[in-house]
Structures are given as C-alpha cells and as structure tokens.
Amino acid sequence: MDTNMILAVVGIVVVVVALIAVSVWMQKSRKKDLDKALESKGTKPAESASSAKSQGQQAGSESAAEQQGTVEAQESAESAESAKSAESAKSAESAEPTGTNEAQQPAAEAKSSIESPESVGSRMTRLKAKLASSANPFGKALFNILAKDNLSEDDWQDVEDTLLLADVGAEASERLVDELRRDARVTGKADASEVRAALREKLLDVVGRDTDRRLNADKEGANKPSVIIMVGVNGTGKTTTAGKLARLFVADGRKVVLGAADTFRAAAADQLETWGSRVNVPVVRSDKDGADPASVAFEASAKAKEENADVLIIDTAGRLQNKSNLMDELGKIRRVTEKNLPVDEVLLVLDATTGQNGMAQAKVFAEAIGITGVVLSKLDGSAKGGIVVSVQKELGVPVKLVGLGEGPDDLAPFDPEGFVDGILA
C-alpha cells in the first residue's frame, strides 16, 4: 500500500471521528436545552426524557391526559379553596357574635353601673320627712314649754336655755325670746295651734325665710362652666359632699367635672373618683400624693372649659396646721383657677353636730377665701339644729345646702319652711 492511500484512509478516519464527536456534542447540547425547557415548565427530567422518547407516538394522548390532569388539578384546588373559604366564613361567623358579646358586655355592665340620682323635688320631700321623724328636742322642747298656760319667768328661762343648747347663739336666742314674749298668742291663754303658729313664724324669721339660697350656678346669667370650690376641715364630710353635689347637678341634667385638689389626704382623690364614676362624672386628679393642689385646680378648670361643662366642683384640703398656710394655699387655688375660669361659688362644709365648736374653724375659712354659702352636713334634726341660725349670723352668708343621712342622695337645697316644719313636727 503506497503512502497516498495510507494518508487517504487516515484522513477518512479522522473525518468520521470528528463527525461522530460533533454529533455526540450536538445531541448532548440539545438534551440539555430540552431539560432546561422542561424544568422551567415544572416537568421532572426523568419524565422529560421518557416523554421525549415517545413524543412522536403519544403526542395526542399525552396532550389530552395533560389537559384532563390540569382540569382536575384546578377543580381540586378550587374545591379545596372553596372548602377553606367556607370553613373560614363559618369560623368567622361563629366567632363574630362572641367577639361582639365580649365587646358589648363590659359596655353594658358599665352602663348598668351608672346610677340615676334622685330628683331635687323628691329629695326635699324626703329630707323634710326625715327631719319630722327624727328625734329633734330643739323644736319639740320649745313647743312644750310655750304651750303652757301663764308662762313664768322660769319658763322663759327654759326657752332661752333650749335655744342656746340648740346652738342658735346668744344674741339670736335673746332676740327670739323677746319677740315671743310680746306675742299675745303665746302670753295669753295658751292655744296649742296658735302657739305653734307663733313659734313657726318667729323661727322662720330668725332662719331667714326670704334669703336667696340659690347656688350661683342656678342663677340667671351664670358663668359656664360655673366653678364651685369646696372648703372645710377634714372630718366634716367635705369630699363626700362634693360627690353628692355632683349627683345633685347630674339629676338636674347638668354636665359636671370634679377636681381632686385635696392632694394631702391619701384617700381623698380615690374617694372623689368613686363618687364620680357612679354618675359618669370625670375627675381630674394628680398621679401622686402631695402634688401641688393649685396645679390640679388649674388642670381641672382647663378640662371643664375644654369640654364645655356646666359645673366644675373643686375639692380642697382641710388641713388646719396654722391659719397662714391655709390662707396661702386656698388663695393660690383660687388665683390659679381664675386664670382659666372665674370662681362663682365657695361653699364651706360644716358638720352640724359640732355646733358652736365649729364656728371658730368656719371663721378661719371665711377669712382665707371669700365664702358665698354654707353646706351643713349631718343635720339630723338633733338639738344642734340651731347652728343654721348662728352660722348665718356669724358668717353673713346663707346656708344653701343640707345633708341629712349617709345615703348618696341625702343632700338637698336648704328649705327654711321645710326645716322649721320638720323640727316642730
């Protein structure tokens, strides 16, 4: 075999090998591209290879099967989704009433816990009946003495002593006795009904039948909000009276705000907040004991002004360490409050059972901050009922409200006729 032939054979072999290599490379490249395309459609490589081998023979049946599988998968997914939606709706439907009830229950409980205070007219009728039914030796003792025939000097002395023991005061007692001695209905032959009528008339005179006892908040042209500052020594029922006064205004349809400016007595703010919560009245208080009372009064007046309340009632401390400190503190409370709102009323709360012993304290408060009226707490128709007369004479301001009993609505405007009729019953 010559050299040319050998070269030709070698060339043919090289070409064949090259063609085989190119063919194998192209086949692998095509397979890779196919695998990638199938992977992007979510088909497994093994299934792709099997599908590629039988593609020409089973294209029609595979396409149909694929379409059927897709439809079934969609139906299955839709069914699952529908079931899930139905279950969620059912769960939400069953849960919704529970949530609503849970939300409504506290609101319903809060609403049901709000009390409806007794009306003013009903209070006055009931308080008059309480006076009449209580032990009141003041009025009864006077009547029993005056109903005698031909009163002696000793009898008249007994009348004066009874008035003094009732805390009517020396000057008022003497004047009342003089007027009774000049009344023919008493000094003549005693007639019980005439004696009672004479005594009633004279008592009404000394109590003050024509005195204007309205709270300034009730008068025509009153400021809004009308500010009331409560003062009095601890133990007179000052904070309790502030809470009861709020109820009195609420019963009249007024919007009230309470200010807890007694920051020195630990339980004062809590006590006032309890009163307020019963009739849905907001209370402005400090977060800590011993805070500046004037700052609380300032915040309370700002809140009352912002909420357009009808009345703001400010409770103050009743400490009496010394007169100077009391005057400074109460004066500051008034001045600071008046930066927001004018102060219309300063009510002195006085314990009626202390009688003349409470008059010295009353005078200190009257000097510290100009009082406009007196609230007599614990006026139970006892022998100390004459304090009504003496306190008005000493302080020069009327008794505007009286408390008779421990009930939340045992506070009412002072009615002179009801008071006198009650103690004479």
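In this predicted model, helix H7, residues 170–181, packs with H9 at an angle of about 145 degrees. The axes of H7 and H9 lie 10 Å apart, and the crossing of H7 past H9 is right-handed. On the H7 side the residues that meet H9 are Arg175, Leu176, Glu179 and Leu180. Their counterparts in H9 are Ala198, Leu199, Lys202, Leu203 and Val206.

H9 spans residues 192–207 and also holds Val195. Is Val195 buried or exposed? Val195 counts as buried because its relative accessibility is 0%, and the cut-off for buried is under 20%. Val195 can also be placed relative to Phe143: 52 residues separate the two in sequence, while their C-alpha atoms are 7.5 Å apart in space.

A second pair of helices is formed by H14, residues 359–368, and H15, residues 387–395. Here the packing angle is about 35 degrees and the axes are 11 Å apart. H14 passes H15 in a crossing that is right-handed. From H14, the residues taking part are Met359, Ala362, Lys363 and Ala366; from H15, they are Ile387, Ser390, Val391, Glu394 and Leu395.

The next two residues are charged ones. Asp344 sits in strand S5, which covers residues 343–351. What is the nearest side chain of opposite charge to Asp344? That side chain belongs to Arg334 and is 8.0 Å away. A salt bridge requires a side-chain nitrogen of Lys or Arg within 4 Å of a carboxyl oxygen of Asp or Glu, and Asp344, although buried, has none. The side chain of Asp344 does make a polar contact, at 3.1 Å, with the side chain of Ser226. Once neighbours within four places in sequence are set aside, the contacts of Asp344 are Asn216, Asn223, Pro225, Ser226, Val227 and Thr372.

Arg254 lies in a loop, between helix H10 (238–251) and strand S2 (256–260). With which side chains does the side chain of Arg254 make polar contacts? One is the side chain of Asp218, at 2.5 Å, and another is that of Asp252, at 3.2 Å. Leaving out residues up to four places away in sequence, Arg254 touches Ala217, Asp218, Phe249, Asp310 and Val311.

How values were computed. Residues numbered from 1 in each chain as written. Predicted model: local features only at pLDDT ≥ 70, side-chain atom pairs only at ≥ 80, totals over all residues. Heavy atoms only, no water. Helix = DSSP H or I, 4+ residues; strand = E, 2+ residues; numbered from the N terminus. Buried < 20%, exposed > 50% of the residue type's maximum accessible area, 1.4 Å probe, protein only. Lys, Arg positive; Asp, Glu negative; His and termini not counted. Polar contact = N/O pair within 3.5 Å; in protein donor to acceptor, adjacent residues only side chain to side chain. Contact = heavy atoms within 4.5 Å. Axes fitted to C-alpha atoms, helices over the stretch in contact; angles between N-to-C directions. Left-handed = near helix turned anticlockwise from the far one by under 90°.
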